[in-house]
Amino acid sequence: MQALFSLAGRVALVTGGSRGIGRMIAEGFLKQGATVYISARKAAACDATAAELSKIGPCHSIPGDVSTMDGIARVVAALKDRTNQLDILVNNAGAAWGAPFDEFPESGWDKVVDLNMKAPFFLTQALHGMLTASAAGGQRAKVINIASIDGQSVNPWETYSYAASKAGVIHLSKRMALRLIQDGIVVNAICPGPFASEMNKDARDNAEQVAKRVPAGRVGADDDMAAAAVYLASRAGDYVVGTTLTVDGGINLTR
């Protein structure tokens with residue numbers, strides 16, 4: 001069973017890896033033996049997190065903005081300058097925007113949809129060659145798209161582009177899974193619930209209050225997210241294709 005969940009010898013790229021969900025996943029991968037590259041828009045934060053995580057295992061910083069095609073190209077080029085191996089891609093970088101229906105701006109739509117839904121597709125496309133080469137070695141390559149329970153059910157907040165983009169990621173993951181499994185690449189999605197992060201400040205700053213709404217009685221811990229990602233990224237998840245794994249303590253069932 002230890003070998004089944006091991007990531008020894010594997011190389012991963014985690015976008016949005018400097019904080020929150022991305023950092024949780026990057027740390028979990030490192031603890032399972034992977035070499036991890038993290039990407040984030042803010043270079044200083046990306047470098048600092050990589051330095052901290054390097055105390056656990058080999059972690060490298062590739063700052064970049066994957067919300068644009070130019071940004072994707074730069075991140076891919078930087079990765080290829082560092083390594084010729086990529087076994088796992090975690091499309092985690094994301095943004096949110098809230099505003100009343102009558103005031104919701106186009107900028108709040110484009111920023112969120114470009115990063116949350118467009119970037120996972122085109123970054124995977126750009127790294128398809130590396131992932132295919134990895135799969136040719138005999139072990140499945142993995143793509144994990146980070147969606148949200150807000151793409152599965154409706155929350156009380158007017159986050160129109162966020163909800164739409166995360167619902168899109170769920171369906172996009174299924175469509176990508178059908179195509180990429182032909183190349184030995186397994187695609188799945190994870191839908192996090194309340195985890196303490198910069199994006200989910202409510203869970204971060206009001207954990208006790210949020211926990212009262214969660215059937216499991218608490219907000220998510222770092223290891224909860226890391227374990228889900230390790231499962232999908234490792235040999236243990238090879239036969240799980242095009243699935244959405246909800247990690248939310250049951251809160252989605254109460255909406």
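Me: Which residues line the second largest pocket, and which helix gives the most to that lining?
Reply: In this predicted model, the second largest pocket is lined by Phe121, Thr124, Gln125, His128, Arg175, Met176, Arg179 and Leu180. The one that gives the most, with four residues, is helix 6.

Me: How do the residues of the lining of the second largest pocket divide by class, and how much space lies in it?
Reply: The lining of this pocket divides into three nonpolar, three polar and two charged residues. The space in the second largest pocket is about 160 Å³.

Me: Are helix 4 and helix 6 roughly parallel or oblique?
Reply: The axes of helix 4 and helix 6 come within 9 Å and cross at roughly 15 degrees. Angles under 35 degrees count as roughly parallel. Helix 4 and helix 6 are therefore roughly parallel.

Me: Which residues of helix 4 make the contact with helix 6, and what is the handedness of the crossing?
Reply: From helix 4 the contact takes Gly108, Trp109, Val112, Val113, Asn116, Met117, Pro120, Phe121 and Thr124. On the side of helix 6 the residues include Tyr160, Ala164, Val169, Leu172, Met176 and Leu180. Among these names, Phe121, Thr124, Met176 and Leu180 also line the second largest pocket. As for handedness, helix 4 passes helix 6 in a crossing that is right-handed.

Me: How many residues of the contact of helix 4 with helix 6 are charged?
Reply: The contact has 13 nonpolar residues and six polar ones. The number of charged residues in the contact of helix 4 with helix 6 is one.

Me: How many cavities of 30 Å³ or more does a search of the whole structure find, and which helix gives the largest share of the lining of the largest cavity?
Reply: The search finds one cavity of 30 Å³ or more, and the largest cavity has a volume of about 30 Å³. Its lining is made of Thr15, Val66, Asn91, Asn92, Ala93, Leu115, Ala119, Pro120 and Leu123. By class these are six nonpolar, three polar and no charged residues. The largest share of the lining, four residues, comes from helix 4.

Me: Are helix 3 and helix 4 roughly perpendicular or oblique to each other?
Reply: The axes of helix 3 (residues 69–82) and helix 4 (residues 106–126) come within 10 Å and cross at roughly 40 degrees. The range for roughly perpendicular is 65 to 115 degrees, and angles under 35 degrees count as roughly parallel. Helix 3 and helix 4 are therefore oblique.

Me: Which residues make the contact of helix 3 with helix 4, and how many of them are charged?
Reply: Helix 3 contributes Met69, Ile72, Val76 and Lys80, while helix 4 contributes Lys118, Ala119, Phe122, Leu123 and Ala126. Seven residues are nonpolar and none is polar. The charged residues number two.

Me: What is the angle between helix 1 and helix 9, and which residues of helix 9 make the contact?
Reply: Helix 1 (residues 20–31) and helix 9 (residues 222–233) pack at about 60 degrees, with their axes 8 Å apart. That angle makes helix 1 oblique to helix 9. Helix 1 brings Ile21, Met24, Ile25, Gly28, Phe29 and Lys31 to the contact. The residues from helix 9 are Asp222, Asp223, Met225, Ala226, Ala229, Val230 and Ala233.

Key. Residues are numbered from 1 along each chain as its sequence is written. This is a predicted model: local features need pLDDT of at least 70, side-chain atom pairs count only at pLDDT 80 or more; totals for chains, interfaces and linings use all residues. Side-chain values use heavy atoms; hydrogens and water are left out. Axes are lines fitted to C-alpha atoms, for helices over the stretch in contact, and angles run from 0 to 180 degrees between N-to-C directions. Helices (H or I, at least four residues) and strands (E, at least two) are DSSP runs, numbered from the N terminus. Angles under 35 degrees count as roughly parallel, over 145 as roughly antiparallel, 65 to 115 as roughly perpendicular and the rest as oblique. Contact means heavy atoms within 4.5 Å. Ala, Val, Leu, Ile, Met, Phe, Trp, Tyr, Cys and Pro count as nonpolar, Asp, Glu, Lys and Arg as charged, and the others, Gly among them, as polar. On a 1 Å grid over the protein atoms alone, a cavity is a set of points where a 1.4 Å probe fits but cannot get out, and a pocket is an open set with protein on both sides within 12 Å along at least five of seven lines; lining residues have an atom within 4 Å of a point. Grid points are joined across faces, edges and corners, and a volume is the space filled by probe spheres set on the points. A crossing is left-handed if the near helix is turned anticlockwise from the far one by less than a right angle, and right-handed if clockwise.
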